[in-house]
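This report goes through a protein model from the overall fold to single contacts. The sequence and structure come first.

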Amino acid sequence: MTQVPLLSLLLFLPLIGAFLLLFLGRRDRPARIIALFIGLAETLLACSAWFCQVNLLPAAAPKGFFLFEDLPWIEMLGIRYTLGMDGISLLMVILTALVTVIAMLVSWRSIDERVSLHYLLLLAMESGIMGVFLSLDLFLFYLFWELMLIPMFFLIFIWGHGRNIYSAVKFFLFTLFGSLLMLLAIIAIYLIHGSQSGGVYSFGLAELLGTRFSLTTGLWLYAAFLLAFAVKFPIVPLHTWLPDAHTDAPTAGSVILAGLLLKTGAYGLIRFGFPLFPEAARTLTPLLIALAVTGIIYASWVAFAQKDMKRLVAYSSIGHMGFVALGIAVWTPVALSGAVLQMVNHGLTTTALFALVGMLDERAHTREIKDFGGLWGKIPIFSAFFMLFAMASAGLPGLNNFVGEFLVLIGSFKTAQLATVLAFIGIILPLVYTVRLVQEVIFQEERRSLPLSDLTLRELSILAGLALGDLYIGLHPAPLLEILKTPVALLTGGAP
Amino acid sequence: MTTTDIFIALPMLLPAIGALLTLLIGAVTRDDRAGTTIGVATTLAAALWLLQTPPAMVAPTLGLSAAPLPRLFGAFLALLAAGTLCLSHGYNRERGISGEEYPATVLFATFGMLSLTSATNLLTLFLGLEAMSFGFYILVAIDLKRATSGEAGLKYLLPGALSAAFLAFGIALLYCVSGTLSIHDALQLTLTGGRPDPVALAGWACFLAGIAFKLSLAPAHLWTPDVYQGAPAPVTAFLSAGSKGATVLLLLLLLPQATDAALLRVPLWGLAVISVIVGNLAALLQSRVRRLLAYSSIAQMGYVVIALISGRGGGYQAAAFYAIAYGVITLAAFGAITALERSGCGETLDDYRGLGSSRPFASGVLALAMFALAGIPPTAGFTGKFLIFTAAIRSGEIILAVIGILLAAVSVYYYLRIVIALYMGRPAQVPASGSRLMENVVLAVASFIIFFLGVWPAPLLEVLKQIFA
């Protein structure tokens, strides 16, 4: 039906770009320009998918998907190359393309060693993440799920600082440990489905959805999935890798980690975890809600105590993802839309905050809050953006995060009142540490004279783009919610 | 001896003839280039012959078969030998290993492997296995200038001789019970699935003990680290890929023919679990790259045994796939080590620091091989592990699968240590010696196959499915 295999293009364009960079060797400038060009082309492609929503698809396509590609791959094992895009993946794909471009721009000056390798990894990672958001075959999904770890590992370890090796390995082992058990669970579903359908083995999500499990089996399998996703999320007892990874990663690494990788966990739960195991998911909902709320409050609490700005942002990021977890856990249409929207919001705002901290770090070579002060007088444009994004992160109405968190809270109040009330406290806590951060860094008297200069054009364009996104979603979220309506309704079992 | 017999035996004869020819030429010239050329030519010819000619019937007079599985593995092993010879040329020159005996011994070992793969008779099987092992006893110790090589040779020879005794005794006992040397009949009669005959039981115990040594399964693994470390790098590649590949094939020739292999489940279960645990945990503690890979190979063979236990659920295919994948991956890994050591790199992880920027190609291949061994997609290692775990779960071996996968997660740590060493810090002062064309070709082909089997395993799986159907 689709004449242009748009999804495959989205998937492979960055990989082709990465392949080109392989041959550039030490030529830095061309590497940067080619990578940025590919990144922009990818963004254009991702945005063009927005306009494909009217396309009619063959009957084979699952409901709610407006772009769909399905080819045999390893037929013997029932593995197919199935890609599909619905509203949720559309938003995630656009976010991925955007954040990758920002990661490229952020590292334009700060990376001057092994430049082409750096951009190669960014592009390879983009492909991997796109694959996660587009795959509708569990084998394919798992492939991309693991694939995206490798570039991130190298980003943290080669260009990181401080205890970069420790953090990179910790990141890799935590995420891999979770996902290997998921692999076993995937194989188990595949076999159970095969025996139920009389020998028709398949990894396709559409086929596997109808599989029935006994409650115990279902719980075990769901637990394996949940573990894999919860580590990425990160949901609180499994979060310890995140602050370390962020602290030691280069800015581009942090931007992708927070902006995109964390979303893959949430997306996996929405796309695979809940739909595949509805019964088990319902049984474990109280646990997930409890963990989400604990995460929201705990992360904010810890964020308050941080001295390093990047660590503070990292913890605030865990807190925000707690809202996403809550929205998914209660699984009502409103809360789920809120959760997906919050994923986008978090992607934009946290990316901006990490970029801002990175810019300060580049100039002053420190990220300690106590080293800064009085930025408002010295670098006003920077300070204005800093304020804006800090406020967005704290959930100021009119900016994007407010909308997402508000929807999650509305959606979850009916089913989980106590949790919602507690999570509401979680809205206030970020305000406390954000105000403190802004007050100390921007407004207080200057504590050390640091060589600070205001934003360059490149930095300005990064921040202005993100700020526009923040404002747009904050003031007019309707188009996004409209896109989410059908898939969310289908997922939660209502009429589209 | 009929023409059909010769047709079937030709792939074995080619390396044997090549070996003799090499020895003869050695009397005229001391340049080993001629030997290497002959070796590569004959092994490639053998591989081509095996791949091109149609499957023939059994040649009963020789006790050889030309069934699809032996031919597939024969071609694979012959190609491995060709790859090893290509890798060895530059390495040996730099290390001062000269003379025609090296290529001749490689060819002789190849001859043994090919006879082993096409055996239909327990005696041919044993002779092939011993011919192969003899080649390796010599090859491991061939670096006369280094004490470690001689030490490794002795450490390989003594337990090797013991294991050969076990194998021979096991075969003798099986013969006592079944009264036949034909593999098929002997298997049918000794693994009946009913109450086992005590003599058959003893026979299988001896047989498995011998095999466990060849596959370096714990607790018969103690020789592995020393041999991996002491032998010349290309020999280690050949030993790890070829000798183990051939031994896995041996099990694949035997087990599927049994009426009911349940008798072997318990000992194999134990071997698999101990190997996976001991290999992976001991590898964590190593600081020398080759010893680390030696322990990793113990663990990897443990995974193959998991597949063999789950034979009925598609495990035989998984084991065959994994043996091939593992062979290619270790060829790549030790090929890269060959290239690095040739230019004077030491053997500890610290010596590998920064090689990623001074020797990008070899380091890249080594890193790729490490990710493949760790089972990260899209590499052959991932597809192989995936098949193994699928087979294990399908056969109801859930505990085995969970133990295996948890330790696979542990193993990622030590594989990453090598990758980290390669790409961290300043490049060490390694005297850059020019890269060699043949070496690079082998590394490039191996890397390509690693990716190919990861992304498009369908053709090989299709072949294997037909074989085991």
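The model is predicted.

**Chain A**

Chain A contains 20 helices and 2 strands. Its radius of gyration is 22 Å, close to the 23 Å given by the globule rule for 496 residues, so chain A is as compact as a globular protein of that length. Further values for the chain are tabulated here.

| Property of chain A | Value |
|---|---|
| Box filled by the C-alpha atoms, along the principal axes | roughly 75 × 55 × 45 Å |
| Share of the 496 residues that count as buried | 60% |
| Share of contacts between residues at least 6 apart in sequence that join residues at least 24 apart | 78% |

**Ser300(A)**

Ser300(A) lies in helix α12 of chain A, which spans residues 278–304. Is Ser300(A) buried or exposed? Ser300(A) has 25 C-beta neighbours inside 10 Å, and the cut-off for a buried residue is 20 or more, so Ser300(A) counts as buried. Leaving aside residues up to four places away in sequence, Ser300(A) touches Gly319(A), Gly426(A), Leu429(A), Pro430(A) and Tyr433(A). Leu431(A) is 131 residues from Ser300(A) in sequence, while the C-alpha atoms of the two are 9.4 Å apart in space.

**Helices α3 and α4 of chain B**

In chain B, helix α3 (residues 68–95) packs against helix α4 (residues 101–117) with the axes 9 Å apart and at an angle of about 170 degrees. Angles over 145 degrees count as roughly antiparallel, so α3(B) is roughly antiparallel to α4(B). The crossing of α3(B) past α4(B) is right-handed. On the α3(B) side, the residues in contact include Phe73(B), Leu77(B), Ala81(B), Leu85(B) and Asn92(B). Those of α4(B) include Tyr102(B), Val106(B), Met113(B) and Thr117(B). The contact of these helices has 11 nonpolar and 6 polar residues, with no charged residues.

**Contact of chains A and B**

How many residues does each chain give to the contact? Chain B gives 24 residues and chain A gives 22 residues. On the side of chain B that touches chain A, the elements giving two or more residues are α16 (380–394), α17 (398–423) and α19 (458–468) of chain B. Of these, α17(B) gives the most, with 10 residues. By class, this side of chain B has 20 nonpolar, 1 polar and 3 charged residues.

Note on methods. Residues numbered from 1 in each chain as written. Chains lettered and ligands numbered in written order. Predicted model: local features only at pLDDT ≥ 70, side-chain atom pairs only at ≥ 80, totals over all residues. Contact = placed C-beta atoms within 7 Å. Helix = DSSP H or I, 4+ residues; strand = E, 2+ residues; numbered from the N terminus. Nonpolar A, V, L, I, M, F, W, Y, C, P; charged D, E, K, R; others polar. Buried ≥ 20, exposed ≤ 12 C-beta atoms within 10 Å, placed from the backbone. Rg over C-alpha atoms; globule rule 2.2 N^0.38 Å. Axes fitted to C-alpha atoms, helices over the stretch in contact; angles between N-to-C directions. Parallel < 35°, antiparallel > 145°, perpendicular 65-115°, else oblique. Left-handed = near helix turned anticlockwise from the far one by under 90°.
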